[in-house]
Amino acid sequence: MHTQDLLAADTGMGAVTLRVADLDTMVAYYRDGVGLQVLTNDGGTAVLGRGATPIVVLEHAPAMRHASPHEAGLFHTAILFDTQADLAAALYSVATRYPRTFTGSADHLVSNAFYFQDPEGNGVELYWDRDRTEWSWTHGMVDMATIYVDPNAFVQEHLTSSALESAASRPGRVGHVHLSVGDVATARAFYVDRLGFATTAAMGDQALFVSAGGYHHHMAMNTWNSRGAGRRQLGLGLGLVRIEVPGADDLGALVSRMHDTGVQTADDGRTVAFEDPWANRIEVTAPGRG
C-alpha cells in the first residue's frame, strides 16, 4: 500500500457510543467501577471520560433488543491509561465494586491488560502500554502474546493512594476498539484496503490487528464468537466508533479513498460517517472542523 493510501500517523480513537437499556446502571458502572467522570448527562445521553477526554457515550434506548452474542458488533472498548498506577487504580475500583464483571488478564508484551464485561455485556479492556522502544517487530508485524497476569499482584505492586484519589481527573482515553465480525478477509478489505489502516498482526482467519503510525493496534476484528455473521440489526450495544485524524487534509484523503473504493459516506460538516460491512457505524473527524 502506498503511503498516501494510509491513515495519518497521528490518527487516534475517539469515544465509543453504546446504546443501553438501563442508563443509570451503566453510568454507575463506568463512573463508580471503571473510575470515569460524568462529563454530561442530559436528555437520555451520558458522556463519561477522564479529565476532559470523552471515553464512552451512553445512549438510553430501552425499547431496543439485546443482540445475540454471535452477532457482529463490539468485542471490547479498550481504555488506555498513562501509568501503571492509573491502571491499578481502575482495576482495584472495578474489581472491588463489580467483581463478577472481571473476565481475564494478559501481558501482551506491548501492554498489560485486564478484561471485564459491563452490566449489559459490552466488553471492556483496561490497559497500559509499555514504551514503544520495548516492542519487538518481525517482518513488519508486532510481537504480541497472551501471558497470564495476576491482577491482585499487579494492584499490590502498582496501586498508589494518589492515583486512587485523583482517578477521574487523571489522563485516559480510548486506545483501541476491538470488533466482532463475520470474517477476517472482508475486515481486511475494508479496514486496510479502503479505510487505510496498516496490518500489525494477524491470527490466520480468526483475528486481525490494524493501526496507524506504527501503534500496536488502533482496531482489531475477530470471528471468535461471530464467524459467518451478517449485517447487524439495530439493537443495544455498539452504536458508534469514532476515529480522529490530525487535520482536514487527512480527512479529505480518507473521503477520496472511500469514494474511489465504492464506500458511501455522509458528511455533516463536522464528521464523515460510513458503515463497515457489518453495519457498524464509523465516524471520522479532524480537529477544528465544522
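I started with the contacts (heavy atoms within 4.5 Å) of two helices: Y29, D32 and G33 of α1 touch A90, S93, V94 and R97 of α2. Sorted by class, I get 3 nonpolar, 2 polar and 2 charged residues there; Ala, Val, Leu, Ile, Met, Phe, Trp, Tyr, Cys and Pro go down as nonpolar, Asp, Glu, Lys and Arg as charged, and the others, Gly among them, as polar.

I'm working on a predicted model, where local features need pLDDT of at least 70, side-chain atom pairs count only at pLDDT 80 or more, and totals for chains, interfaces and linings use all residues. Numbering runs from 1 along each chain as its sequence is written, and side-chain values use heavy atoms, with hydrogens and water left out.

Next I looked up S180, which sits in strand β12 (residues 172–180). Its relative accessibility is 4%, so I note S180 as buried (under 20% relative accessible area; exposed is over 50%, partly exposed in between, with a 1.4 Å probe and protein chains only). Beyond neighbours within four places in sequence, S180 contacts E71, A72, G73, L74, F75, N222 and S226.

Then I went to α6 (residues 248–260). Which of its residues are buried? I listed L251, L254, V255, R257 and M258. They span an arc of only 160 degrees around the axis, so they lie on the same side of α6; the arc is taken from the directions from the helix axis to the C-beta atoms. This buried set packs against α5 (184–194), β18 (271–275) and β19 (281–285). On the face turned away from the buried side I found exposed D249 and D260. Just past α6, G262 has a positive phi of about 85 degrees.

Definitions and conventions. Helix = DSSP H or I, 4+ residues; strand = E, 2+ residues; numbered from the N terminus.
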